[in-house]
Amino acid sequence: MFQQIIDIQREIYLGFAVHMKDFAAGGGWASFLAFLPMGVVFGAVHAMTPGHSKSVLATYLAGSSAKAHRALLVSLALSFTHVTMAVVIALLALPLVSRSFIDAGSSPALEAVSRGLLGVIGLWMVLTALLRHSHSHAQGEGLLMGFAAGLVPCPLTLFVMTFAMIHQVVVTGLLFAATMMMGVALTLSAVALLAMVFRDSISYLMRRHPQLLASFSRATSGVAGLVLVAVAAGEIANWLNAR
């Protein structure tokens, strides 16, 4: 199944390259705009591959008290940051890409910063679980988590933008990146809602025992925080060892 996902990504990317070249050669908007919705499929399929902080997103939401609309905002913040970072880097720092990125689009420094921020959020969740009597979260904490988790730029978006800039049709790269972001958001929103269904199902089973539910909620938040701290520590340790 993973190979099928890779094949779908390759076919869509090759199709984008063909349509983008035709547009650059004066082919007009019609053909490119007709192909553009495939960017949504491209982003959604790409987000199913390893990475994109799906486990971090699910872990955070499982340990939070966020409602459905807040969970969707967190997934949207993650998607927006993940794709936008690649666009900004391509537009403003393309000459530095070869120095900043290695191994087919990875960015160790940004990964370390991202995981470090997640570690801070994880510590906050642990302290919240230990010190607060009721399970609550600071306003904006979820959006900060989404921003921190999405800070590592999307390598495929970077490739798309670079390809478009080389052929001097930046607008095609921007449009395709926007549709990709929609697709990534669809997949991550599905992950967020599934995490909430799991959390709410556990809550429903324990609703008749309020004290037990409160203890379970704090324990879940603490465990989620510890997982985030462990992920952050591991990523930063790998970055330091690689230097």
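Confidence in this predicted model is highest in helix 3 (residues 38-46), at a mean pLDDT of 92, and lowest in helix 6 (residues 97-100), at 48. Here pLDDT is the predictor's confidence in each residue, from 0 to 100, and helices (H or I, at least four residues) and strands (E, at least two) are DSSP runs numbered from the N terminus. The protein has 11 helices and zero strands.

Residues are numbered from 1 along each chain as its sequence is written, and side-chain values use heavy atoms, with hydrogens and water left out. Local features need pLDDT of at least 70 and side-chain atom pairs count only at pLDDT 80 or more, while totals for chains, interfaces and linings use all residues.

**Confidence**

- The mean pLDDT of the protein is 78, and 76% of its residues reach 70 or more.
- Over residues 98-105 the pLDDT is below 50. Beyond near neighbours in sequence, this stretch has 13 contacts in the model, a contact being heavy atoms within 4.5 Å.

**Overall fold**

- Along the sequence the pattern reads α-α-α-α-α-α-α-α-α-α-α.
- Of the 243 residues, 44% are buried (buried: under 20% relative accessible area; exposed: over 50%; partly exposed in between; 1.4 Å probe, protein chains only).
- Among contacts with a separation of 6 or more, 83% join residues 24 or more positions apart.

**Helix 9 against helix 10**

- Helix 9 (residues 155-166) packs on helix 10 (residues 170-205) at an angle of about 160°, with the axes 7 Å apart. Helix 9 is therefore roughly antiparallel to helix 10.
- Axes are lines fitted to C-alpha atoms, for helices over the stretch in contact, and angles run from 0 to 180 degrees between N-to-C directions. Under 35 degrees counts as roughly parallel, over 145 as roughly antiparallel, 65 to 115 as roughly perpendicular and the rest as oblique.
- Helix 9 contributes Leu156, Thr157, Val160, Met161, Ala164 and Met165 to the contact, and helix 10 contributes Val170, Thr172, Gly173, Leu174, Phe176, Ala177 and Met180.

**Single residues**

- Leucine 158 lies in helix 9 and, at 4% relative accessibility, counts as buried. Its C-alpha atom is 8.8 Å from that of methionine 85, 73 residues away along the chain.
- Alanine 44, in helix 3, is buried with a relative accessible area of 14%.
- Alanine 44 and glutamine 9, 35 residues apart in sequence, are 9.8 Å apart from C-alpha to C-alpha.
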